[in-house]
Amino acid sequence: ADECLIYTDVDGVYTTDPRVVPEARRLERITFEEMLEMASLGSKVLQIRSVEFAGKYRVRTRVLSSLTSPDIPLELEAQSGTLITFEEDASMEQAVISGIAFNRDEAKITVMNVPDRPGIAFQILGPIADANIDVDMIIQNQSVGGMTDFSFTVHRNEYQNALDVLNGKVREHIKAGDIVGDPKICKVSAVGIGMRSHAGIASQMFRTLSEEGINIQMISTSEIKISVVIEDKYMELAVRALHKAFGLDQAAALET
């Protein structure tokens, strides 16, 4: 097939959730890499597996609304929505940042005063994995006096299970200090393949959050995304501020 049409309850992929940012705009094009990142980071437009399959077999995919009038000719309807395509598509003029994603379904756990020695990360996360609990972001602080703090995030539904595992199987075994947690966090991410060729994206993101008085608790990066963990109560403020700071509320976000 030259192109796969997927009908959903929205008319395309937006720069962020319009329910949070009314100025969010529909993207005419987005790459498979960006769509995979946004889907994994909380965007619920498409299931991750559907994007993976289309990308694997190199089938361009278009997201369309299932609520459009049945009288619209298919040829005309197929020109709307959002086209998920490939980075090497020569016709693409990609924005530096394509979207702001967020996920409220996370919780943070910190194991304090952990002995800083080889294998300690496995001793902490091994039992977590054995309990079939997925870990997202991980941070190990700088060692002070041979001790460190080890933090990671899990799905909020697994928060209590993870605490039980750590208190029951890990804490005494590794001679760690207190185990503290925070289920009221969220992850906010900026996604865009333009990060590969543009410097200063991280500093702009951090400056924007700082100007809004939002403290960053954890940071994770990849080649095309930057994610931060912040207090859940600041989620909407952070998304709106970043959306504006990266110019995603401008018409240029729709250009191809």
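Analyst: Two strands are said to pair if DSSP finds at least two bridges between them. The model discussed here is a predicted one.

User: Which residue in β7 is the bridge partner of I139?

Analyst: Strand β7 covers residues 147–155 and is joined to β6 by four bridges. These two strands run antiparallel. Within β7, the residue that partners I139 is S151.

User: What is the order of the strands in the open sheet of six strands?

Analyst: The pairing in this sheet is antiparallel. Its edge strands are β6 (135–140) and β9, each of which pairs on one side only. Neighbouring strands are turned against each other by 30° on average, with direction ignored.

User: How many bridges join β8 to β10?

Analyst: β8 and β10 run antiparallel. The number of bridges joining β8 to β10 is seven.

User: How many residues lie between β9 and β10 in their hairpin?

Analyst: Strand β9 (residues 218–221) runs antiparallel to β10, and four bridges join the two. M218 has V229 as its bridge partner in β10, while S220 has S227. In the hairpin that β9 and β10 form, the number of residues between them is three.

User: How many of the seven residues of β10 are buried?

Analyst: A residue counts as buried when its relative accessible area is under 20%. By that criterion β10 is mostly covered. Of its seven residues, the number buried is six.

User: What angle does the direction of α7 make with that of β5?

Analyst: Another helix, α5 (residues 159–174), lies across β5, β7 and β8 and runs at about 25° to β5. α7 packs on the sheet and touches β5, β8 and β10. The direction of α7 makes an angle with that of β5 of about 120°.

User: Which residues is F246 in contact with, leaving aside its neighbours within four places in sequence?

Analyst: F246 is one of the residues with the most contacts inside the largest nonpolar core. A second, separate core of 21 residues includes I133, F152, V154 and I174. Once its sequence neighbours within four places are left aside, F246 is in contact with I97, I100, A190, I201, Q204 and M205.

User: Is C186 buried or exposed?

Analyst: C4 has a relative accessible area of 33% and is therefore partly exposed. C186 has 0% relative accessibility. Since the limit for burial is under 20%, C186 counts as buried.

User: How many disulfides does the count come to?

Analyst: A disulfide is a covalent bond between the sulfur atoms of two cysteines. The rule applied requires a pair of cysteine sulfur atoms within 2.5 Å. By this rule the number of disulfides is zero.

Technical notes. Residues are numbered from 1 along each chain as its sequence is written. This is a predicted model: local features need pLDDT of at least 70, side-chain atom pairs count only at pLDDT 80 or more; totals for chains, interfaces and linings use all residues. Side-chain values use heavy atoms; hydrogens and water are left out. A nonpolar core is a set of buried Ala, Val, Leu, Ile, Met, Phe, Trp, Tyr and Cys residues joined through side-chain atoms within 4.5 Å. Buried means under 20% relative accessible area, exposed over 50%, partly exposed in between (1.4 Å probe, protein chains only). Contact means heavy atoms within 4.5 Å. Axes are lines fitted to C-alpha atoms, for helices over the stretch in contact, and angles run from 0 to 180 degrees between N-to-C directions.
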